[in-house]
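Subject: Two-chain model, handover and notes

Hello,

Here is the structure I promised to pass on. Please open it alongside this email; my notes follow below.

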Amino acid sequence: MSVTLASVTKSEWIKFRSVRSTLMGVLVTVVLTIGLGALITTAIRGHWNQMDPIAKLTFDPVSTSLGGTLFAQFAVGVIGTLFITSEYSSGSIRTTLAAVPRRSRVVLGKLIVLVASLLVVAEVVCVATFLLGQSIFSGVVPTASLATGAVLRSVLFGGVYLTLLAVLGFALGLILRQSAASISTFTSLLLILPIVAFLLPQSWQSAISKFLPSALGRAMMSTSPPANFFGAWTAAALLVTYVVVVLGVGVVMLVRRDA
Amino acid sequence: MLRVDHLTKNYGDTVAVNDLSFDVAPGVVTGFLGPNGSGKSTTMRVMLGLDRPTKGATTINGRSYHDFPAPLREVGALLDAKAVHPGRSARNHLRALAASNGIAPSRVDEVLEFAGIASVADKKVGGFSLGMSQRLGIAGAILGDPGVLLFDEPVNGLDPEGIRWIREFFATLAREGRTVFVSSHLMSEMALTADQIIVIGRGRFIAQGSVDDLTSHAAGTVFVASNDNARLAERLRDLGGRVTVNERGLDVSELVSTKIGGVALAEGISLSELTPQRASLEEVFMDLTADSVEYGSAHVAS
């Protein structure tokens, strides 16, 4: 027997599911996405008749029902971050790396566990919150159906978006090695960058803001992304690129640095 | 066998290990002794492939750590007993470790039993005492039944019963032909635990040998008492002895006891006591590392 990608992945899966923070993170993700989704859709149903006709015209029942992901994205970021930074804070990273000296394999094992489990959770949650939202809208607000290609794509991209953000949190954790630093950097990317962009001159704003991770997420989850936004597939490809780049930096740093 | 070959490790401007070389043989317990900050942990981290050497190398049975297909089956290590996720149970910690190297899950139960922590195996590690954590660390080290074992300060936090247990455990591992390498900053502990001792200070090699070797090479003194201490002291000084007079008799260094006895006989002085004072390992250690203590007590006081 030896250290293989399969054995490392199995080991990481045991680690991932055996701490409460993972379970709590998943629970918060479910509650935020579905709970806030229900809250948002209920509020819109209540105000639908008083809504501005133009707003009604551009209303997207799909992205609106997925609104809870704007909050759940922080929960998945924390799940991804803690998966690696908790090893640094406890010191168990040394045990991990002594058991698996090929460090890139540790990253790959963790990545498989993180992506596989979060993709399942996030897709289930996104489909559930979509269906719940449509049933709340039903009769008053226009609804959408998963039978429509663009709708199905938007809902599924909701799960992809959350999974990519979990990997982004993980990659930041690899680089920064500290929970607090990684989580605040993650939060800044999603919350502070849009504010900074908003303060820029109008011409710059429209050129830059569509590149922000949060804008990419909005584009991915819209059936027809608003003007000034990338198309859904382009947005997804860009976000994947960001995540891969940050992850690549993290892997190089893990391999080069002393543990 | 463990080999450290001209190892140098710098952290920025700090030289943690400086051109260090030694071999650790199988079949005996080898103590790795040095004051705090002398480079013991750094050397062990390099051995485990955790830190990259600035110069030189360490090998285990002639191979680099990175070349082992399943390292836990070759080398078991306990570096820091508290370095376990506090929210994970002891059993899950060991299961994850076992899985990474393809070790059967049944082995986890065996080592938990062996280390005496089977009853708390499903409790969170965060609630463990340091002694229990040390036992978990030992369980992790023997998980792959390795031929080489490294322990960094393993007796810290153990109660007397635990210390006796761990000494016997090391001796058993060595009798089975394994290489057992144990670091400590406590000489007295090493004197009881180790057969062979390697002493380092400020990252440099100082001495290697058995406990007997190290103490016998140290300059001992001879205590002598007679019916005329003043005259005897004078004669011994003439012969190049260094003599300290105290109320009971004389402490003589630089002269062996047979020479002192001969002088007394020639002078017609009758001796009531003539005792070579063997330096304790503690004194040898203090002597050897006196120049190399990284953090002297003067620093602590300031």
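A salt bridge here is a side-chain nitrogen of Lys or Arg within 4 Å of a carboxyl oxygen of Asp or Glu. By that criterion, the count between chain A and chain B is 1 salt bridge. Keep in mind that this is a predicted model.

**The interface**

Which side chains form that salt bridge? They are those of A:Asp258 and B:Lys9, with an N to O distance of 2.7 Å. Polar contacts between chain A and chain B come to 13 residue pairs, counting pairs with both residues at pLDDT 80 or more.

Several helices of chain A contribute to the side that touches chain B. At least two residues each come from α1, α5 (69–90), α6 (93–99) and α12 (232–256). The most come from α1(A), which gives 6 residues. Sorted by class, this side of chain A has 12 nonpolar, 9 polar and 8 charged residues.

In contact terms, 29 residues of chain A meet 33 residues of chain B. The size of an interface is often given as the accessible area lost when the parts come together. Between chain A and chain B, the buried area is about 2400 Å². Carbon and sulfur atoms give 57% of it.

**A:Lys15**

Have a look at this lysine. A:Lys15 sits in helix α1 of chain A, which spans residues 5–17. Is A:Lys15 buried or exposed? A:Lys15 counts as buried because its relative accessibility is 8%, and the limit for buried is under 20%.

Leaving out residues up to four places away in sequence, A:Lys15 touches residues of both chains. In chain A these are A:Glu87, A:Thr96 and A:Lys110. In chain B they are B:Arg88 and B:Ala96.

**Backbone points to check**

Most residues other than glycine have a negative phi.

- A:Asn228 is not a glycine, yet has a positive phi of about 75°. A:Asn228 lies in the loop between α11 (213–220) and α12 of chain A. A:Asn228 is exposed, with a relative accessible area of 53%.
- B:Asp19 also has a positive phi, of about 50°, and is not a glycine either. B:Asp19 is in strand β2 of chain B, residues 14–24. At 41% relative accessibility, B:Asp19 is partly exposed.

**B:Gly157**

Where is B:Gly157? B:Gly157 is in the loop of chain B between β6 (148–152) and α5 (160–175). B:Gly157 counts as partly exposed, at 48% relative accessibility.

B:Gly157 touches B:Leu130 and B:Gly131, with residues up to four places away in sequence not counted. The C-alpha atoms of B:Gly157 and B:Gln134 are separated by 7.8 Å. Along the chain, these two residues are 23 residues apart.

**Domains of chain B**

Chain B is divided into two parts: domain 1 covers 2–216 and domain 2 covers 221–277. How far apart do the C-alpha centres of domain 1 and domain 2 of chain B lie? They lie 47 Å apart.

Over to you.

Best wishes

Terms used:
Residues numbered from 1 in each chain as written. Chains lettered and ligands numbered in written order. Predicted model: local features only at pLDDT ≥ 70, side-chain atom pairs only at ≥ 80, totals over all residues. Heavy atoms only, no water. Domains from an automatic or database assignment. Helix = DSSP H or I, 4+ residues; strand = E, 2+ residues; numbered from the N terminus. Buried < 20%, exposed > 50% of the residue type's maximum accessible area, 1.4 Å probe, protein only. Contact = heavy atoms within 4.5 Å. Buried area = accessible area lost by both parts, 1.4 Å probe. Polar contact = N/O pair within 3.5 Å; in protein donor to acceptor, adjacent residues only side chain to side chain. Nonpolar A, V, L, I, M, F, W, Y, C, P; charged D, E, K, R; others polar.
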